[in-house]
Amino acid sequence: MIAGLGRNPGRPAHPNDIDRMRIERALRSRERYRYVSASITAVAGGYLIESPCCSRNIDIDGGIIDVALLHHNSASACWQVFRKDHKQCVWKLHSTHRRLAAVTDLLNADPERVFWQ
């Protein structure tokens, strides 16, 4: 690598605007609650996904709720996907993936309905 080019080794790879936009674009293809706009916010080591609660299952007033927390583990180069246990108000590890595309595929399908509630 040429000196002065490339990623700053002292700076974490995530969050970054490019991957935040990739997540945002990918989530437009989700199967659940496609009629609301999800919000992707950069947080330490990853991204927080929030959305209005259209089902009223979590928030009776339809307010903004946590959907998923994505954390990039730089040591293992894997993505940890957390789901929100809204009853206990805690994040729970759902799965680990090597590629961000696998994460967005999971969130888009959400076969267990644990993210888009």
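Visitor: Which residue is the bridge partner of Asp 85 in strand 5?
Guide: Val 90 is the bridge partner of Asp 85 there. Keep in mind that this is a predicted model.

Visitor: How many bridges link strand 4 and strand 5?
Guide: Seven bridges. Strand 4 covers residues 78-85, and the two strands pair in the antiparallel sense.

Visitor: What order do the strands of the sheet take?
Guide: The order is 1-2-3-4-5. Five strands form an open sheet, with antiparallel pairing.

Visitor: Which ones are the edge strands?
Guide: Strand 1 (39-43) and strand 5 (90-97). Each of these pairs on one side only.

Visitor: By what angle are neighbouring strands turned against each other?
Guide: On average it is 25°, with direction ignored.

Visitor: OK, back to strand 1. How many bridges join it to strand 2?
Guide: Five, and the two strands run antiparallel. For one of the pairings, take Ala 42: its bridge partner in strand 2 is Tyr 47.

Visitor: What sits between strand 1 and strand 2?
Guide: Two residues, in a hairpin. Gly 45 is in the turn and has a positive phi of about 80°.

Visitor: Where else does a positive phi turn up, say just after helix 2?
Guide: At Asp 110. Its phi is about 40°.

Visitor: Why is strand 2 called largely enclosed?
Guide: Because five of its seven residues are buried. The rest of the structure encloses it.

Visitor: And how many bridges pair strand 2 with strand 3?
Guide: Seven, again in the antiparallel sense. Ile 49, for instance, stands opposite Ala 68 in strand 3.

Visitor: Now the helices. Which strands does helix 1 lie across?
Guide: Strand 1, strand 2 (46-52) and strand 3 (64-73). Helix 1 runs at about 35° to strand 2.

Visitor: And which strands does helix 2 lie across?
Guide: Helix 2 (residues 100-109) lies across strand 2, strand 3, strand 4 and strand 5. Its angle to strand 5 is about 125°.

Visitor: Which residues of helix 2 are buried?
Guide: Leu 100, Val 103, Thr 104, Leu 106, Leu 107 and Asn 108.

Visitor: What do those buried residues pack against?
Guide: They pack against helix 1, as well as strand 2, strand 3, strand 4 and strand 5.

Visitor: New topic: charges. How many salt bridges does the structure hold?
Guide: Six. One of them brings together the side chains of Asp 17 and Arg 20, at 3.7 Å from N to O.

Visitor: How far apart are Asp 17 and Arg 20 along helix 1?
Guide: Three residues, so about one helical turn separates them. Helix 1 covers residues 17-26.

Visitor: What about Glu 24 and Arg 20?
Guide: Their side chains meet in a salt bridge too, at 3.5 Å from N to O. They are four residues apart in helix 1, so again about one helical turn lies between them.

Visitor: Which residue does Arg 28 form a salt bridge with?
Guide: Glu 24, with the closest N and O atoms 3.7 Å apart. Shared partners join Asp 17, Arg 20, Glu 24 and Arg 28 into one network of salt bridges.

Visitor: Is Arg 28 buried or exposed?
Guide: Arg 28 is exposed, with a relative accessible area of 58%. Glu 24 is partly exposed, at 29%.

Visitor: Last one. What lies over the face of Trp 116?
Guide: Arg 30 does, at 4.4 Å from the ring centre. As for aromatic pairs, a search of the whole structure finds one.

How values were computed:
Residues numbered from 1 in each chain as written. Predicted model: local features only at pLDDT ≥ 70, side-chain atom pairs only at ≥ 80, totals over all residues. Heavy atoms only, no water. Salt bridge = Lys/Arg side-chain N within 4 Å of Asp/Glu carboxyl O. Buried < 20%, exposed > 50% of the residue type's maximum accessible area, 1.4 Å probe, protein only. Phe/Tyr/Trp six-rings, centres within 6.5 Å; stacked < 30°, edge-to-face > 60°. Lys NZ or Arg CZ within 6 Å of the ring centre and 35° of its normal. Pairing = 2+ DSSP bridges. Axes fitted to C-alpha atoms, helices over the stretch in contact; angles between N-to-C directions. Contact = heavy atoms within 4.5 Å.
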